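Visitor: Please take a close look at one part of this model, beginning with a single residue. After that, I would like to hear what surrounds that part and what else can be said about the two chains.

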Amino acid sequence: MVMADGSTSSENYKRIPNIGFTNLFINGDFVHSISGKTFETIDPSTKQVIANIAQGDKEDVDLAVKAARQAFDDGCWPRMPGYMRGKIMNKFADLIDENIEELALLETLDAGKVFSFETTVDIPSISKELRYFAGAADKIHGKTLKLSSEFQGYTLLEPIGVVGLIIPWNFPSAMFILKCAPALAAGCTMVVKPAEQAPLPALYLAHLAKLAGIPDGVLNVVTGLGHIAEVGRRIMQASATSNLKTVSLELGGKSPLIIFDDADVDQAADLALFGSLANKGEICVCSSRVFVQEGIYDELMKKLVEKAKTWIVGDPFDPSTCQGPQVDKKQYERVLSYIDHGKREGATLLIGGKPCGDEGYFIEPTIFENVADDSLIARDEIFGPVMAVMKFKTVEEVIKRGNATSYGLAAGIVTNDLNIANRVSRSIRAGIVWINCYHNFDSGCPIGGYKMSGFGKDHGMEALQKYIKTKAVVTPIYDSPWL
Amino acid sequence: MAARRISGFISRSLSSSIASPGRTCNLRSEIQRFSTAAALQEPITPPVRKTFPAFDPRTGEVIANVAEGDAEDINRAVSAARKAFDEGPWPKMTAYERSCVLLRFADLVEKHNDELAALESWNNGKTYEQAAKSEVPMLARLFRYYAGWADKIHGLTVPADGPYHVQTLHEPIGVAGQIIPWNFPLLMFAWKVGPALACGNTIAGLPPGVLNVVSGFGPTAGAALASHMDVDKVRYSHVNPCIIIAFTGSTETGKIVQELAAKSNLKAVTLELGGKSPFIVCEDADIDKAVELAHFALFFNQGQCCCAGSRTFVHERVHEEFLEKSKARALRRTVGDPFQKGIEQGPQIDSEQFEKILRYIKSGVESNATLECGGDRFGSKGFYVQPTVFSNVKDDMLIAKDEIFGPVQSILKFKANATRYGLAAGVFTQNLDTANRLSRALRAGTVWVNCFDVFDAAIPFGGYKMSGIGREKGIYSLHNYLQVKAVVTALKNPAWL
C-alpha cells in the first residue's frame with residue numbers, strides 16, 4: 001500500500017493507512033450491514049482503532065446464504081469443469097502474489113503478527129495453497145466398485161453445496177484460504193465469517209477473489225461479532241438442532257514437545273522456543289507442554305533460558321522483532337491471568353511472567369518449570385507466549401503423560417533414535433507428529449485434531465472431504481463377461 | 001517475429017494453394033530454429049552432419065531440412081538427461097517448483113498458440129482450425145493438468161501382518177526415452193512429456209539436460225533409443241539405469257521397440273499402437289446423429305488416428321438408411337488446403353502413407369466390397385485422398401482387418417470383437433442395458449457411448465490386445481514414470497497394528 005506521501009518503507013507503515021474494504025461482501029458487492037451498525041477493529045501494538053467494520057447480524061447472514069444458495073443451485077461454479085475452476089483459482093493466487101505487502105500489512109496491523117514473517121512466509125504460503133487446490137479441482141475421483149452380485153456400481157463425489165466457514169483471528173489470511181481453497185475446488189459456494197479481532201485480510205481477499213473472476217455469490221464474507229466461548233461445542237449443538245449440517249472443527253490444543261536424552265541441545269532448545277513462542281503463542285498447535293528427559297534436563301534448561309533472553313518482543317513492523325503483541329485486550333488479560341495461576345500453583349518461573357511495556361498488548365516470553373501435570377497451566381490452552389516444562393524418565397511414562405490431555409492436535413519428538421521415533425509417533429494421539437522439527441506445514445500434508453481438538457482435515461487432498469458428498473449409483477447388469 | 005511471418009504466409013496461401021519456394025524461404029530459417037537435435041547445454045545450433053527434409057503434404061515440397069540425429073546424437077541426449085537426473089536440480093526441486101515450471105510452459109504455449117498451430121498444420125496437413133482451436137490449447141491444458149499432479153504423487157503406508165512400519169515411495173524412474181508419432185505431434189508430446197516431468201524424471205526452460213529432443217529416423221535414432229544401455233558404462237554397467245521407453249506408433253514398429261528394449265536392459269515399455277476400432281450403431285440409434293458421429297469417428301484428422309472408428313457396425317434394421325446418409329455425408333466432406341477456412345480434410349501426411357491408403361482402397365475393390373464413393377486421390381498435387389466409403393465389407397477382408405490410417409470408412413453389419421486390436425470402441429444407443437452390456441463386453445481400452453474421441457486430460461487412454469501396453473493421460477499415466485519402493489522398518493512394541 002502506497003502511503004499518502006508516496007513512501008512505502010516499513011517505518012512509515014506505523015501510520016494507519018486508508019483501509020479500502022470495510023463492508024460485507026455479498027453476491028459480488030461490498031455492502032453495509034442491514035442495521036448500519038459497525039464495530040471497531042484495533043491495532044494491538046498501539047491500541048488504536050484501525051477502522052470501523054460493518055457489523056453483520058442474522059439478517060445479513062441470511063442474505064449471504066441466499067446468494068450462496070443461488071450461486072450453487074443455478075450458477076455456473078459447480079457446473080464448470082474442475083479445470084476451469086482451477087484456472088480462476090490460479091489467477092486468484094497470482095493476484096495474491098502481486099499484493100503480498102498489502103496483505104502482510106493488514107495482518108500485522110490487525111493481528112499483531114511480525115511483518116517480516118508475513119511477507120516472507122505466511123502470505124506466500126497462501127498462494128501456494130490456492131495453487132495446490134487449483135491443481136486438485138480436476139482430480140477429484142470417485143470409484144467404480146467391485147460388487148458381489150450382478151450389479152454395476154460407482155461413486156460420484158459431488159460438491160456438498162453451501163458451506164459456512166468460521167475463521168479464527170490468529171492467521172486471518174492463511175485460515176481464510178485454508179478453508180476456502182478446497183471448498184472452491186470442490187465446486188461449493190460459501191459464506192465466510194472472519195473473527196472480529198482481525199477481519200481486514202478477509203475483506204481484502206474477497207476483493208482479490210472478485211478480480212480473479214470468482215463469480216458473484218460463490219464467495220461471501222460477513223463480518224460481525226462472535227458472542228462465543230466454547231465455540232466449537234456450541235456450533236455442533238447449533239447444527240444438530242437446526243438441520244443436521246455436517247460440521248468440521250479445528251480447535252485447540254495442548255500439544256507436547258518431547259525431548260529425549262540423545263537430542264542435540266541447541267536444536268532442541270531452538271525447537272522448544274519456536275514451538276511455544278511462535279506467533280506470540282497464538283497457534284493451535286503450539287508446543288505448550290515441553291517434556292524433557294532427565295539426562296539432558298539441566299543442560300537444556302540453561303540453553304533455553306539463555307536463548308529466550310534473545311527473543312525480542314516489540315513493534316511487529318520492526319525487522320528485528322521476534323514477537324508482536326497479543327491480538328487484543330481480552331486475550332492479553334487471559335494470558336496474564338494464566339501466568340498468575342502458574343505462579344500461585346507453585347510452578348517455578350524461570351523467565352518472563354510480566355507484560356512488556358505498557359503501550360499495546362505485549363507480554364514477555366514466559367517459561368515455567370516444575371509444572372504439575374494436573375495444574376491449570378498444564379491443562380488449559382493458554383494461547384500466549386507461555387511454556388510449561390516437565391521432566392520425565394522413560395519413554396512409556398512420557399507417552400502416558402503426553403496423552404493425558406483432552407486435546408490431540410499435534411506433538412513433537414526430538415530424538416535420533418529410530419525405535420523411539422517410531423514408538424512414540426505411533427503412540428501419541430495427535431493429528432500431526434513432528435519429528436525433529438515443528439510448525440512444519442505444507443499444502444500437501446493433511447492436519448487436523450484427535451479428541452477434543454476437533455475433526456476434519458485441512459491441507460492435502462483429505463481437506464476436500466469436508467466439501468464433498470459421496471453418492472453411490474447402482475444398476476443391474478446382464479450377461480457381463482466378468483464380474 | 002515468427003508469428004508475423006507465418007501469418008503473412010497464411011494470407012498469401014489463401015489466394016493460392018501452392019507455396020512457391022521463394023515465398024517459403026523466409027520461413028525456412030525460422031523452422032531451422034525449431035528443428036534442434038540434441039539440445040544440450042550448448043546453444044541451439046549443434047554441428048549438423050546430416051539433415052532430412054520436412055515436407056509440406058499439400059504439395060510434396062520441402063519446407064525445411066531438419067537435423068538428422070543418429071545413434072551418437074541419441075547417446076549425447078541420454079547422457080545429458082542422465083546427468084540432469086543424477087546431478088541436476090530437477091528431481092531435487094520441490095514438486096511445487098516443478099509444477100510452477102510446467103505451468104509456465106503452458107502459459108508460453110498459449111502465448112504462441114497460432115505459431116505452433118501453423119507449424120503443425122504446415123508439416124502435418126491437418127486443418128489449421130483444428131490445430132489452433134483444439135490441439136494447441138489441449139497441449140497447454142495437458143501441461144496444466146500434469147502441473148497439478150506434481151505435488152500430489154502419493155505412495156501408501158501399508159498395514160503389515162507383523163510389527164513393521166511399511167511405506168511405499170513413488171520415485172521418479174530416471175531417464176525416459178519417448179518416441180512420438182506424427183499424427184498429433186504436439187498432443188503426443190504433451191501425453192508423454194507432461195507426466196514424465198511431473199514425476200521428476202528427465203527426458204532423451206527447464207534446467208539444462210532435462211528435456212532433450214532428437215529428430216531423426218526410426219531405424220537409426222529410434223532404435224538407438226530403444227536399445228540404449230545408458231552411455232556411462234563404467235559407472236552403471238552393474239546397475240540397471242531404469243530407462244523407460246514410451247512409444248506411440250504402428251503395431252509392427254511397437255514390436256521392434258519392445259524387442260530392442262528387452263534385448264538391451266529390460267527397460268519398461270509403454271506402447272500406444274494401432275487400432276481397428278469398432279463403431280457400433282444399434283437399432284434404437286438416432287440415425288442422423290449416428291451418421292455424423294460415425295463420420296467424425298473415422299474421418300477426423302484425415303483418418304490418421306490410432307483410435308479411429310474404422311469399422312462401422314450397423315444393425316441390419318437401420319443399415320440401409322445409415323448407409324445412404326453416410327455416403328451423402330462423405331460426398332459433402334470438403335477437401336483442400338488446410339489453411340483455408342471451411343476445409344474439413346487436408347492432405348495425408350506423406351507419400352508413403354498416401355500410397356499405402358490407395359493400395360488398401362484397391363484391395364477393398366478387389367475383394368468385392370462395394371465402393372460407395374471416393375476411392376481415388378483428390379486433385380493432382382500433394383497427398384490428398386477422396387473421402388471413401390465401402391459397404392458390404394466382410395470381417396475377413398483386408399480393409400476390415402488392417403489399420404488403413406486414411407479417409408476410408410468401412411460399413412459392416414454387426415459383429416464387434418473379431419480383431420487383434422483393442423484400442424477403442426464407440427457405441428451409439430439410447431438403451432441403458434445395451435450401453436452397459438456392450439461397454440463391458442467390448443475388449444477395448446476406451447469405450448465411447450454416444451460420443452467419440454473425447455480426450456480430456458484426465459481420461460486414461462490405451463489399448464487392449466495388440467493395441468498396446470499401458471495407459472496415457474489421467475492419473476494412470478503417472479504409473480509409467482514412477483517406480484515403487486517399499487520401505488519396511490521393524491517396529492518395537494507398536495501401539496497398534
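Guide: A:Asp94 lies in helix α2 of chain A; helices (H or I, at least four residues) and strands (E, at least two) are DSSP runs, numbered from the N terminus. The model is predicted, and local features need pLDDT of at least 70, side-chain atom pairs count only at pLDDT 80 or more, and totals for chains, interfaces and linings use all residues. Residues are numbered from 1 along each chain as its sequence is written, chains are lettered from A and ligands numbered from 1 in the order in which they are written, and side-chain values use heavy atoms, with hydrogens and water left out.

A:Asp94 has a relative accessible area of 33% and is therefore partly exposed. That class sits between buried, under 20% relative accessible area, and exposed, over 50% (1.4 Å probe, protein chains only). From the C-alpha atom of A:Asp94 to that of A:Arg69 is 28 Å, and the two residues are 25 apart along the chain.

Helix α2 (82–98) of chain A also takes part in the lining of the largest cavity, as do α4 (115–136) of chain A and α4 (95–111) and α6 (128–149) of chain B, each with at least two residues. A cavity here is a set of points on a 1 Å grid over the protein atoms alone where a 1.4 Å probe fits but cannot get out, and lining residues have an atom within 4 Å of a point. The largest cavity has a volume of about 200 Å³. Its lining has 21 residues, and those closest to the centre are A:Asn90, A:Ala134, A:Gly135, B:Arg144 and B:Gly148. Volume is the space filled by probe spheres set on the points, with grid points joined across faces, edges and corners. The largest contribution to the lining, 5 residues, comes from α6(B). By type, the lining holds 8 nonpolar, 5 polar and 8 charged residues. Nonpolar covers Ala, Val, Leu, Ile, Met, Phe, Trp, Tyr, Cys and Pro, charged covers Asp, Glu, Lys and Arg, and polar covers the others, Gly among them.

Next, the interface between the chains. Contact (heavy atoms within 4.5 Å) links 28 residues of chain B with 27 residues of chain A. The area buried between them is about 2,700 Å², with 53% from carbon and sulfur atoms; buried area is the accessible area (1.4 Å probe) that two parts lose on being put together, summed over both. B:Tyr96, B:Lys152 and B:Arg440 supply 27% of what chain B buries against chain A, more than any other three residues.

A:Met461 is in the loop between β17 (454–455) and β18 (468–476) of chain A. Apart from neighbours within four places in sequence, A:Met461 is in contact with A:Tyr132, A:Ala136, A:Lys139, B:Lys152 and B:His154. Its C-alpha atom is 7.5 Å from that of A:Pro446, 15 residues away along the chain.

As for chain B as a whole, 16 helices and 16 strands make up its secondary structure. Of its 497 residues, 55% count as buried. Chain B exposes about 21,200 Å², 56% of which is supplied by carbon and sulfur atoms; accessible areas come from the Shrake-Rupley method with a 1.4 Å probe, and for residues only the protein chains shown count as cover.

B:Leu293 belongs to helix α11 of chain B and counts as buried because its relative accessibility is 17%. Beyond its neighbours within four places in sequence, B:Leu293 is in contact with B:Phe279, B:Phe428, B:Asn450, B:Cys451 and B:Phe452.

B:Asn301 is in the loop between α11 (287–299) and β9 (311–314) of chain B. B:Asn301 has a positive phi of about 60 degrees although it is not a glycine, and B:Asn301 is buried at a relative accessible area of 2%. B:Lys473, also not a glycine, has a positive phi of about 70 degrees. B:Lys473 is buried at 1% relative accessible area.

Note on methods. On a 1 Å grid over the protein atoms alone, a cavity is a set of points where a 1.4 Å probe fits but cannot get out, and a pocket is an open set with protein on both sides within 12 Å along at least five of seven lines; lining residues have an atom within 4 Å of a point.
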